[in-house]
Structures are given as structure tokens and as C-alpha cells.
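Subject: Handover of a structure and its findings

Dear colleague,

Please find the structure below, together with its sequence.

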Amino acid sequence: MNREFLERKDFWSGVMLIVVGGGALFIARNYQFGTSLRMGPGYFPVMLSAALVLFGVYFVLQGLRAGAEKLEGSWSLRALIVVPLSLVVFGLLIDRAGFIPAMLGLIIISAMASKDFRLVEVLLFSVFLTAMCVVVFIWALGLPYELIAGIW
Amino acid sequence: MPAIRALPLATLLLAASLTPAAAQQYPAKPIRLIIPSAPGGSNDVVGRPIATFLGERLGRQIIVDNRAGAGTMIGTELASKAPNDGYTLLVVSIAFAVNPWLYDLRGRYDPIKSFTPVAMLAAGPNVLAVNPSLPVNNVKELIALAKEKPGKIGWASAGVGSFQHLGGSLFELQAGVKFLGVRFKGGGPAMIDVVAGHNQVAFSSLVQTTGQIQSGKLKALGVGSKKRVPILPDVPTIDEAGVPGYEASNWWGIVAPAGVPQAAVDRIRKELAVVLTAQPVIDQFANEGAEVVQMSQGEFADFIAAELKKWQQVVKDSGMKAE
Amino acid sequence: MDLFNNLIFGFGVALSLQNLFYCFVGVLVGTLIGVLPGIGPLGTIAILLPITYSVSPVAAMIMLAGIYYGAQYGGSTTAILVNLPGETSSVVTCIDGYQMAQQGRAGPALAIAAIGSFFAGTVGTLLIALFGPPLADVALKFGAPEYFSLMLMGLVAAAVLAQGDMVKSIAMVVLGLLLGIIGTDVNSGVQRFSFGIFELTDGIGFIVVAVGVFAVGEIVNNLGERQERRVLSAKVSNLFPTWQDLKASAGPIVRGTGLGCFFGVLPGTGPAIASFSSYMLEKKLAKDPDRFGKGAIEGVAGPEAANNADAQCKFIPMLTLGLPASGVMALMLGALTIQGIQPGPQVMTQRPELFWGLIASMWIGNAMLVVLNLPLIGLWVRLLQVPYRLLFPAIMAFSAIGIFSVNNSAFEIHLTALFGVLGFMWMRLGFPLAPMLLGFVLGPMMEEYLRRAMLMSGGDPSVFVTRPISLAFIIATVLILVVMVAPSVRKRREAFTD
């Protein structure tokens with residue numbers, strides 16, 4: 001069996017749309033549909049998710065055609081994981097540990113996503129940037145965040 | 001972990017109970033006032049001046065913490081889980097008495113058990129206003145017309161459970177009529193639709209309607225308070241105009257997580273009594289159509305309980321709860 | 001004609017030392033919060049509202065208005081420099097503005113945005129002065145059917161005009177529409193796609209989606225490239241637009257201003273619709289539409305003008321009728337109430353110094369913004385010389401603070417991370433992101449207007465063609481379809497006959 005389609009953009013586009021549309025359709029089945037004249041809360045979601053599934057099928061078929069465009073170009077798994085992760089860390093720290101730890105965590109972790117990561121430089125930069133943000137956001141703009149939870 | 005945490009807390013409590021002076025020193029650090037709406041929302045408009053002026057009186061900063069979302073429930077849940085040391089306060093409004101009946105709050109908070117009422121701040125009646133093209137001149141004529149054309153007169157309001165929606169639903173129930181309920185994302189767009197004549201009836205706040213009423217773009221039929229309001233002296237209350245017992249006002253108050261030290265409550269109440277007579281506070285409340293209302297702590301607790309009961313019934317009878 | 005006298009009177013009010021000062025403070029604060037994502041005019045005005053208590057009503061309104069339109073100005077800066085939309089309305093500017101910056105043309109992009117905004121602001125101000133009250137009356141004729149037909153037209157135009165992979169664009173619009181539905185249904189109060197999560201009951205914030213897919217997604221994408229960021233400011237050719245640039249931008253700025261004024265007058269159209277429309281129009285009119293999305297200056301000039309004209313004209317219903325079209329306008333009315341002035345149609349006649357003073361100050365404020373922004377361009381462009389390995393963590397930091405400051409919600413930060421992943425994935429699969437955001441903005445409104453129109457007509461769909469304004473939009477929609485689709489069909493036929 002030829003598995004070349006697994007490398008094609010359109011195939012995966014279709015899969016993505018079918019998954020999203022199908023999932024939404026599954027959830028929306030519980031919403032009252034109504035009629036075209038008296039639309040219930042389910043009318044729009046069902047119509048839209050069904051359309052997404054149809055689009056998905058179209059793209060999967062396109063992707064199965066020989067000669068469809070392939071996924072190309074380089075990408076970094078490290079960046080894909082580390083960059084969103086740094087935001088998650090910020091979200092977890094800001095309420096629990098305070099503004100300064102959250103900022104340092106965000107800046108240092110996100111910087112690690114780069115292949116060009118230089119530890120000392122990033123540490124210095126994170127301190128500088130955090131200090132600047134404290135001045136601008138906390139002192140000047142008066143955002144109501146604790147700098148370090150429980151202490152400041 | 002909880003044990004380690006509890007230890008200093010316990011010593012602190014012990015110390016506090018042994019030395020009444022310590023309690024008198026409240027507040028010893030900045031106080032957090034959780035406002036469960038976004039900046040500019042109704043709770044914010046009322047809560048923000050309180051934070052400024054009460055903070056001045058207490059000699060400690062009061063930090064406003066806006067936690068908007070889910071019709072005030074996100075901020076309210078957060079406050080219910082905050083330490084009950086008197087350093088976290090919450091601004092509540094009519095939504096506090098309505099949400100428990102519209103949403104499933106199990107495991108989140110209980111409006112009575114999770115909170116200690118601290119003080120009432122203000123109330124603002126709603127106004128029943130109609131587009132002048134609607135051929136009615138008073139509440140009785142509106143009721144007659146609505147009975148003639150059930151479900152046909154367009155009533156514009158903000159979303160389910162909003163202050164405007166509640167005022168209208170209560171009217172429908174007590175007057176025994178049915179409008180064509182048209183919902184909007186907010187009170188502003190709903191008013192625009194009534195002024196423009198796409199819909200005919202609105203129940204809205206004084207601040208949103210007064211200018212339009214005075215310029216003749218809207219006709220006021222009644223106000224939802226017990227007494228007439230000074231700014232619209234010719235407009236009767238809905239109660240006297242044909243729906244006896246009707247009262248629907250938005251209100252605002254302060255509560256604290258349950259079990260807050262009474263000394264803290266007393267101190268806040270003492271200063272608030274002064275703050276609520278300050279002209280800047282009164283003027284800024286007017287921004288939300290709110291007038292200062294002072295109550296004793298007990299009265300405020302009874303008031304919340306009564307509001308909860310009242311809206312439970314309305315939510316049930318009007319069938320507004322979404323399935 | 002008293003217009004002239006009125007304007008003189010207005011400038012007399014606005015040019016007082018005190019009012020000039022508050023105007024300057026307003027536009028300065030506005031520019032700052034505009035540059036930062038998240039923190040918008042709504043939150044800022046709410047926080048500053050108590051301060052206005054101590055100044056005169058005119059000065060208060062002048063300052064608050066300055067914050068509002070200043071923010072629209074500032075929003076484009078980060079959009080152009082680092083693909084980070086500072087305000088909702090600057091999403092469109094990301095598309096070509098950021099590409100221009102990558103080609104070393106950040107300077108011209110920023111300058112043309114400022115010039116376009118100034119022109120649009122001037123026209124918008126004049127429009128309010130000349131036709132404010134009659135325009136407000138026309139706007140009130142727009143009910144649910146009219147708004148629905150108008151948005152239908154916009155959506156059809158968007159789909160038809162989409163270049164590149166048209167099917168992918170349409171699929172993204174649909175996806176955006178679906179994402180926009182998340183949250184509480186206005187009509188029934190039912191929760192849709194909220195998974196029992198409280199934070200989702202109000203829907204997903206636009207800024208969360210925009211920053212996620214644009215800024216975060218772009219960073220992940222950049223980091224994957226073999227040569228991790230050829231220095232952004234590669235070869236900064238020139239700081240200011242060339243004569244060529246100005247000539248190319250003149251038309252888009254004029255048309256964008258027109259579109260912006262049109263949408264601005266209508267209170268029921270949200271932000272970003274004006275700039276989206278302008279972008280689509282310019283792309284359609286361009287001789288070589290392929291340049292769009294690759295750094296076409298018309299794609300910055302038009303939308304920026306549209307955006308500022310829209311912001312300016314949104315004052316019309318508020319000033320002339322005392323009706324708030326948006327949260328910001330409601331707060332400005334609130335500022336009047338605090339001052340003891342009852343907002344409403346009577347303000348214009350009873351307090352002329354307020355109306356005309358504010359209008360004059362808007363023009364002065366717009367001029368100040370240009371003077372403020374043009375010299376800053378050099379500074380901004382130099383910032384881009386920071387090595388990318390340090391620049392992107394800084395972008396992440398500003399994004400995070402900005403988003404968190406809106407609702408103090410950690411949940412929204414996590415959601416941004418999720419949209420960053422999705423944005424990267426969509427980019428890799430070749431899905432255009434802007435149509436998704438257009439769908440996201442339009443979706444909830446279209447559903448709301450359609451269902452409201454049907455509800456109010458008692459389920460009779462003929463409302464859309466029996467009401468003249470609505471009918472006009474429906475006819476225009478059909479025309480767009482015919483005009484746009486016919487040539488491609490003909491082309492295909494010709495291809496067959498060959």
C-alpha cells in the first residue's frame with residue numbers, strides 16, 4: 001500500500017477539519033435544533049460543523065490524489081513544545097508565586113526554544129526585562145499583581 | 001502541606017484572640033477587593049470608588065482585582081475560596097441572588113454558607129420605558145395591549161439573567177402578560193433598538209434611559225422602586241401604576257468569605273458609613289443609576305436571603321433556566 | 001452656515017491650555033496601551049474614570065476620547081513590527097505590515113499607517129461635524145435584518161475575493177464562525193461548547209485567538225526555520241515611504257476612509273470589520289493581487305485608514321443621541337453622568353462647548369498622534385535589531401502580560417498557548433489565518449442578527465427582501481457573486497474549448 005498521502009498537506013488538512021467538525025457535531029447534537037424559521041441554539045453549530053466535515057472530506061480526497069502538495073520545510077518540535085509551555089508556566093505561576101517568578105519563568109523557558117540559547121545572556125536579559133516590566137506595568141500602570149506572592 | 005500552612009495561621013489566630021489590640025489594628029496590610037466584572041461593568045463602576053475612598057479612611061490601600069466572567073460567578077467563586085481574614089472582600093450585585101437558580105453551582109460556592117454579608121452599598125431601580133410609537137400612556141394600557149396581542153410586543157433586553165431581563169420577566173409574571181422577548185449582548189444595544197423602534201419595550205437602568213426620556217425618544221411608564229425617583233418625579237412606580245407589589249432594582253453590596261473576623265467587619269462598616277455620605281461617591285454611583293442605601297449588617301443578610309427567595313421563584317415560574 | 005462658527009467655537013474650547021494638556025495625555029496613554037496587546041481602551045478608561053471627576057467635563061471627554069482613538073493608532077505598531085496585534089482592529093495590519101517589516105520596510109509601513117490614520121481621522125471628524133445628527137438617524141434604521149444582510153454581503157465578498165486556495169479560505173471562515181459560537185447563546189442562555197468550564201461561558205476573547213495564532217504561532221514557525229531569523233531589520237532601506245509608496249497608498253487610504261466611516265456610523269458593527277473590508281477591497285482592486293500577504297503597502301494603508309475612520313465615527317451615536325454603541329462609549333457616557341450631565345440627544349444643544357470642543361480636540365489629537373508617532377519610527381525600527389533569540393521571549397512576555405491583564409485569568413493564558421499550537425499547525429497546512437478571524441468576529445453577530453430578525457418577523461424570511469436597506473444588500477451580494485464568479489466560470493469554459 002502506498003503511504004505517500006501521509007506526507008501531503010491536503011490529507012492532514014482534511015483530517016483536521018473532520019476531527020474538529022465531527023467533534024463539534026457530536027457535542028452539538030444535544031442542543032435544541034429548532035427549525036429554519038425558529039432556530040434553536042443548535043441550528044448554527046450543527047450547520048457549521050457539518051460544513052466543516054464536508055470540507056474535510058473534500059481535502060482528504062484531494063490529498064489522496066497523486067501529485068498533491070507535500071508538507072515541506074523544516075520545523076522545530078522543540079519550539080512547538082517549549083514556546084506554549086512557557087505560557088502555561090506563566091499562567092501557573094502568576095497567581096501562585098507572583099509576577100516576578102512568572103515573568104522570569106516565561107522568559108527563560110521560552111528562550112530555551114531557540115537553538116541559539118545562551119544561558120548567561122538569557123539570565124541577564126530576563127532580569128532586565130522583568131525589572132522593566134515591573135516598573136512599567138506594576139508601578140506606572142498600576143496593575144494589581146503581587147510581585148512575589150505573600151511577600152511583596 | 002496544609003498542616004505546615006495551618007501552623008502559623010493558628011498561632012496568628014491565637015495571638016489575635018488573646019490581644020484585642022491586634023484586632024483593632026485591622027487592617028495591617030492592603031485589602032483585596034474582588035470585583036467580579038470587567039473594568040467598566042456595573043459592579044466595577046460601583047466598587048471602584050468604594051475602593052478608593054474606603055482605602056483612604058482605613059489608611060490602607062484597597063487593591064481592586066477585576067475577575068470577570070460567567071456572569072460574575074468566576075470572581076465570586078474565587079472570593080469564596082479566599083482566606084477569611086478580612087483581607088479579601090467581594091462586590092456583589094443582584095446577579096449574586098439569581099445565578100444560584102440559573103446555574104449549577106454545586107462544588108463551587110453557596111451564596112449563604114460561603115459568605116458573610118458585610119454591607120449594603122446602593123440600589124438602582126429599573127425603568128419601564130417604551131418607544132413613543134407604541135400607543136400606550138401608562139402601565140395599565142400596556143398590560144391591556146399586551147393581553148390583546150400576546151407575544152407580539154417586542155421587549156428588548158440584555159441576556160438571560162441580566163438585570164434588564166429579570167425586571168421584564170418579573171413584570172410578565174406579575175402582570176400576567178407575555179412579550180416577544182428579544183435578547184441582546186448588552187443593555188446598550190438593546191436600548192438602541194428600542195429608541196430606533198425595532199422593539200417597543202425596555203426595562204433598563206435610570207442612567208441608560210433618563211436622557212432618552214427627557215428628550216422624548218422614550219416614554220417612561222413606571223419605575224421599579226418602592227418610591228418614585230427624584231430625577232423622574234412625574235413617573236409613577238410600577239407598583240402604584242397597576243402591578244401591585246412589583247419591585248425590581250439592581251443592588252450592590254460587599255460580602256466577605258464566611259467566618260471573617262467580626263472586628264474587621266465592624267471596622268469596615270464604621271468607615272463605610274462615612275464613605276457612603278461623601279459627595280464624590282454619590283456622584284460616581286449615579287454613573288450606574290445607583291443611589292446609596294445603608295443597612296445594618298443583619299438587615300443586609302435578611303435582604304440577601306429575601307432576594308434569593310424572590311428570584312428563585314421568578315426563575316422557576318418564568319422557565320428562564322436554560323436546559 | 002453656523003458650521004464654521006461652531007468649529008471656530010470648538011477650536012476655541014479645545015485650544016485652551018488645560019484642554020490641550022488633557023488631549024495630549026489622552027493620546028499618549030492611548031498610544032501606549034494600543035501598543036500593548038490586551039490592555040485596551042475599555043479597561044484603561046474604566047480605571048481612569050474616577051480621575052476625571054476632578055476635571056471639567058470637556059477636559060474629561062477630550063482625554064477619554066484621546067485614549068480611545070490613540071489606542072487604535074498604537075495598535076498597528078506591534079502588529080507591523082512583530083506580528084502582535086495590539087488591538088482587535090489591528091489584526092488585518094499584521095498580514096502585510098509584518099511582511100513589510102521582514103523585508104526591512106518597517107519604517108514605511110509605520111509611517112503609512114500613521115499618515116493613513118491621520119487622513120481618516122480628519123475626514124471622520126469633519127463627517128461628525130457636518131452630518132452627525134442625520135447620520136445617526138440613518139443608522140437607527142438598521143435593525144436586525146439590515147445588519148444580517150450587510151454581514152452576509154461581507155462574508156460572501158470575503159469568500160469570493162479570497163485568493164490562493166479558495167476552499168481553504170472558506171473552510172477557515174467556517175471554522176472561525178464555529179469558534180465564535182463558543183459560550184452562552186444570547187437567545188436561550190444555553191451554554192454551547194463550554195465543556196462546563198466557567199471561563200468559556202463568555203466565549204473566547206478575540207485577543208486570545210489573535211495573539212495565539214498570529215504572534216505565538218509565528219514565533220514557533222520562525223524558530224523552526226533552518227536559519228533562525230535572518231535579522232529582522234535585514235537592510236533597513238529607508239525610514240520613510242518613497243514617492244512610489246505614497247502614490248500607491250493614496251487610493252487605498254481614501255477608500256479605506258470611506259469604508260471606515262460607513263461601518264463606524266453603524267453602531268451594530270463591531271471592530272475589525274471595517275479594516276477587513278478595506279483589505280479585501282484593495283486586494284480585489286490591485287493589478288497584481290498576488291503581492292498581498294507578501295508585504296503590499298496598500299494592505300497596510302487601506303485597513304489602517306478604515307480602522308481609524310471607524311473609531312472616529314463610532315462617536316456619532318454617542319454624541320448625537322446619547323446611545324452607547326460599545327462598552328467604551330457607555331463609559332464615556334458614564335463620565336458625563338459623573339459630571340452631573342444627563343447624556344442624551346439634548347447634550348448637543350444644551351452643552352455646545354462639549355460637542356464642538358470634543359470634535360475640535362479630536363482633530364488636534366489626531367495631529368498630535370502623527371507628530372508623536374513619526375519620530376518614534378526610528379526608535380521602533382532600531383528595536384528590531386535586538387537578536388531574535390532575545391526578541392521573541394520579550395514578545396512572549398508582553399503578550400502574556402497583555403492577555404492576563406484583560407481578565408486576570410490564567411485560563412486565557414493557557415488558551416493562548418493552545419491557539420499558538422493551532423496557529424502553527426494551520427500555517428504548516430497552508431490555511432490562511434485572517435479569514436478564520438473574520439469568521440470569528442462575524443459569526444456570533446450573524447447568528448444573533450439572523451435569529452433576532454426571524455424572531456421579530458414571526459418566522460417570516462421575507463423580511464430580508466421587503467425592507468429596502470436589507471434588500472439593497474441582498475442584491476449587492478448577488479451582484480458580487482455574479483460579477484466575481486462569472487469570469488472564473490468563463491475562464492474554465494475557455495480552457496475546455498481550447
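**Between chain A and chain C**

Across the interface of chain A and chain C, 8 residue pairs are in polar contact, with both residues of each pair at pLDDT 80 or more. Please keep in mind that the model is predicted. On the side of chain A that touches chain C, the elements that give two or more residues are α1, α2, α3 (77–96), α4 (99–111) and α5 (119–140) of chain A. The element that gives the most to that side is α3(A), with 12 residues.

The contact takes 65 residues from chain A and 60 residues from chain C. Together the two chains bury about 5,500 Å² between them, and 77% of this area is on carbon and sulfur atoms. Between chain A and chain C there are also 3 salt bridges. In a salt bridge between R389(C) and E121(A), the distance from N to O is 2.7 Å.

**Salt bridges**

Side chains of opposite charge can pair when their charged atoms come close. Over all chains, the count comes to 29 salt bridges.

In chain B, R108(B) forms a salt bridge with E77(B), and their closest N and O atoms are 3.2 Å apart. R108(B) lies in the loop between α5 (94–102) and β4 (115–130) of chain B, while E77(B) lies in helix α4 (residues 73–80) of chain B, so the pair ties together parts that are 31 residues apart in sequence. Are the two partners buried or partly exposed? R108(B) has 24% relative accessibility and counts as partly exposed. E77(B) has a relative accessible area of 17% and is buried, because the cut-off for buried is under 20%.

R267(B) forms a salt bridge with E271(B), with the closest N and O atoms 3.3 Å apart. Both residues lie in helix α11 (residues 262–275) of chain B, 4 residues apart, which is about one turn of the helix. R267(B) is partly exposed, with a relative accessible area of 22%, whereas E271(B) counts as buried at 4% relative accessibility.

In chain C, the side chains of R105(C) and D245(C) meet in a salt bridge, at 3.2 Å from N to O. This pair links distant parts of the chain: R105(C) is in the loop between α5 (91–102) and α6 (106–140) of chain C, and D245(C) is in helix α10 (residues 243–265) of chain C, 140 residues apart. D245(C) counts as buried, at 7% relative accessibility.

Salt bridges can also share partners, and in this way D95(A), R32(B), D65(B) and R67(B) are joined into one network.

**Aromatic rings**

A pair of aromatic rings is described by the distance of the centres and the angle of the planes. Over all chains, the count comes to 35 aromatic pairs. One of them is the pair of F33(A) and Y43(A), which is tilted, with 5.1 Å centre to centre and 40 degrees between the planes. F33(A) lies in the loop between α1 (9–28) and α2 (43–64) of chain A and Y43(A) lies in helix α2 of chain A, so the pair ties together parts that are 10 residues apart in sequence. F33(A) counts as partly exposed, at 33% relative accessibility, whereas Y43(A) is buried, with a relative accessible area of 13%.

Why is the pair of Y279(C) and F292(C) described as edge-to-face? The ring centres are 5.5 Å apart and the planes of Y279(C) and F292(C) stand at 80 degrees, so the pair is edge-to-face, the cut-off for this being over 60 degrees. Y279(C) is in helix α11 (residues 273–285) of chain C and F292(C) is in the loop between α11 and α12 (298–313) of chain C, 13 residues apart, and the pair links distant parts of the chain. Y279(C) counts as buried, at 9% relative accessibility, and F292(C) counts as buried at 7%.

In chain B, W155(B), F171(B), F179(B), F203(B) and Y246(B) form one aromatic cluster.

**Charges over rings**

R452(C) lies over the face of F184(B), at 3.6 Å from the ring centre. K168(C) lies over the face of F431(C), at 5.2 Å from the ring centre.

Yours sincerely

Note on methods
Residues numbered from 1 in each chain as written. Chains lettered and ligands numbered in written order. Predicted model: local features only at pLDDT ≥ 70, side-chain atom pairs only at ≥ 80, totals over all residues. Heavy atoms only, no water. Phe/Tyr/Trp six-rings, centres within 6.5 Å; stacked < 30°, edge-to-face > 60°. Buried < 20%, exposed > 50% of the residue type's maximum accessible area, 1.4 Å probe, protein only. Lys NZ or Arg CZ within 6 Å of the ring centre and 35° of its normal. Salt bridge = Lys/Arg side-chain N within 4 Å of Asp/Glu carboxyl O. Contact = heavy atoms within 4.5 Å. Buried area = accessible area lost by both parts, 1.4 Å probe. Polar contact = N/O pair within 3.5 Å; in protein donor to acceptor, adjacent residues only side chain to side chain.
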